[in-house]
Amino acid sequence: MRPEVKQFLREHRKDTCKVWVYAPNYFTGGAEEVCSVRLRETDRPELSEANIVYGTTTFGFSEPTAPMFAVDDPDAEVFASYEDGPPACARKGTDFYLAAGNVPALLWHDLASQAGVHLYTDIPGSLYADSRFVAFQTVHATEITLHLPFDCTVEELFDGGLYRTEQKRLRYRSEKGAPKLFLIRERH
């Protein structure tokens, strides 16, 4: 990480939640320089092929990876560990540390929730939202509920249908994998 990026984070993003993955700043000074969660390089090479357990799901690298890191910070809140091993993911202040990069959707959802982000849905998928549009696509469900930050009427631009939210919820039915693109027509 370049020095000006580190400085920017220290000066302008110290109160912003940040997610650090695998080996932040490893080659240019170590994780402690950027991430408040203290890490240690693990002396257990078998962890490079171990899964990280988060609730009922597991994740990890698909190929052996070295070095591997473990959380070594008594002040950090551990929320996932290697199978039969040391802590792998933790939060301390505004920093989240994840020891592997292929993070499951459930964990991203939970991290966003802890960070105070508005969550549009609990369903895994691809979502885009700005002040005029909301787009969503998933292969996991056909009954969709999107949680908007306000009540409104939207037009679905692919099929032309009009929808009105109820209690900030946009509910619709979709074929699995079919994208929807909504134009926000009127706020209520």
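The model is predicted, so local features need pLDDT of at least 70 and side-chain atom pairs pLDDT 80 or more, while totals for chains, interfaces and linings use all residues. Residues are numbered from 1 along each chain as its sequence is written, and side-chain values use heavy atoms, without hydrogens or water.

**Aromatic rings**

Start with Tyr22, Tyr26, Phe27, Phe61 and Phe69, which ring pairs link into a cluster. Rings of Phe, Tyr and Trp (its six-membered ring) pair if their centres lie within 6.5 Å; planes under 30 degrees apart are stacked, over 60 edge-to-face, and the rest tilted. The whole structure holds nine aromatic pairs. One of them joins Tyr26 and Phe69 edge-to-face, with 5.4 Å centre to centre and 70° between the planes. Tyr26 sits in the loop between strand 1 (18–21) and strand 2 (39–41) and Phe69 in strand 5 (residues 69–71), so their pair ties together parts 43 residues apart in sequence. Strands here are DSSP E runs of at least two residues, numbered from the N terminus.

Next, select Arg187: it lies over the face of Phe150, 3.8 Å from the ring centre. (The criterion is CZ of Arg, or NZ of Lys, within 6 Å of the ring centre and within 35 degrees of the ring normal.)

Now show the open sheet of five strands, ordered 9-10-15-12-13 with antiparallel pairing. Strand 9 (126–129) and strand 13 (162–164) are its edges, each pairing on one side only. Pairing takes at least two DSSP bridges between two strands; strand 9 and strand 10 (residues 133–137) have four, in the antiparallel sense. Finish at Ala129, which stands opposite Val134 in strand 10.
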